[in-house]
Amino acid sequence: MITELAEMSSHAMALIATRNEVVTEDSVSKPRATAGEKSDLELIVDHIAEAERDLESNQPPIRARGVVTLRHIARSLADSGASHVPKKSLVIEVDSVRTSDGSNEQLVLLARSLARICLNALADSESYVYLASIHTLVAISDVCPSEIITLMGLVVSKGSINITVLMNGAKETPLEISFAQEQRIKAVEALIFIIRRRGDGIFLNGPSLL
């Protein structure tokens, strides 16, 4: 209950900060003029790249919009497995990615890509941006719990990670990322929320934290 309330609060703060910059799951999934030339995976990566550009803005409301966009993408990824109702939204795009080649490899790459941006956003000076990033990491953990919990454990314990993410037209890109002490402290908070959210299910992922 505490986790859900904290997530709702951080999301509300980010939405208030964006004000007229309305972001919805439909708006992050609207096709562009060139959408027909791109795969579903490329379209999702494009939305993630847009959010990252927002987070590079010197205007806090724009950065908050970037986090809100990431949250909607993460929620769509997490909910797509249970969705059976055809919609013109990101859910359909995610469904095709989830079942592509009969594996979840692309889903894991998308979760890592989202997590990378949120982890970087933990360094933001605005509280409503980094708090929203913390709870977006919790939402991302719903997509690939074992992957994200292991990733968060490395951030907290070592302060650096080596991961492969999707960038530049959905190309797999290996990265080595180091985090400041401030980011690691905030990552601890995110990890605590993730553990609370998993409940007894955390015991399935416990070994990855050791």
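**The loop between the two strands**

A: Asn-168 lies in the loop that joins strand 1 (160–167) to strand 2 (171–178). Helices (H or I, at least four residues) and strands (E, at least two) are DSSP runs, numbered from the N terminus. This is a predicted model, in which local features need pLDDT of at least 70 and side-chain atom pairs count only at pLDDT 80 or more, while totals for chains, interfaces and linings use all residues. Residues are numbered from 1 along each chain as its sequence is written, and side-chain values use heavy atoms, leaving out hydrogens and water.

The phi angle of Asn-168 is near 50°, a positive value in a residue other than glycine. Ala-170 has its place in the loop between strand 1 and strand 2. Ala-170 is not a glycine, yet its phi is positive, at about 65°. Asn-168 is exposed, with a relative accessible area of 62%, whereas Ala-170 is buried at 17%. Buried means under 20% relative accessible area, exposed over 50%, and partly exposed in between, with a 1.4 Å probe and protein chains only.

Now place the loop in the chain. The chain has eight helices and two strands, and along the sequence the pattern is α-α-α-α-α-α-α-β-β-α. Of its 210 residues, 48% count as buried.

Helix 8 (residues 181–198) holds Gln-183. Gln-183 counts as buried, at 9% relative accessibility. A polar atom of the Gln-183 side chain lies 2.9 Å from the backbone nitrogen of Ala-180. A polar contact is a pair of N or O atoms within 3.5 Å; within protein, one must be able to donate a hydrogen and the other to accept it, and residues adjacent in sequence count only if both atoms are side-chain atoms. Leaving aside residues up to four places away in sequence, Gln-183 touches Leu-119, Asn-120, Leu-122 and Ala-123. Contact here means heavy atoms within 4.5 Å.

Ile-192 is also in helix 8. Ile-192 counts as partly exposed, at 40% relative accessibility.

The backbone oxygen of Val-138 lies 2.5 Å from a polar atom of the Ser-141 side chain. Ser-141 is buried, with a relative accessible area of 0%. Beyond residues up to four places away in sequence, Ser-141 touches Ile-148, Ile-194 and Arg-198.

Ile-148 takes part in a helix pair. The axes of helix 5 (residues 105–121) and helix 7 (residues 145–158) come within 10 Å and cross at roughly 35°. Axes are lines fitted to C-alpha atoms, for helices over the stretch in contact, and angles run from 0 to 180 degrees between N-to-C directions. Helix 5 gives Val-108, Ala-111, Arg-112, Ala-115 and Leu-119 to this contact, and helix 7 gives Glu-147, Ile-148, Leu-151, Met-152 and Val-155. These residues divide into eight nonpolar, no polar and two charged. Ala, Val, Leu, Ile, Met, Phe, Trp, Tyr, Cys and Pro count as nonpolar, Asp, Glu, Lys and Arg as charged, and the others, Gly among them, as polar.
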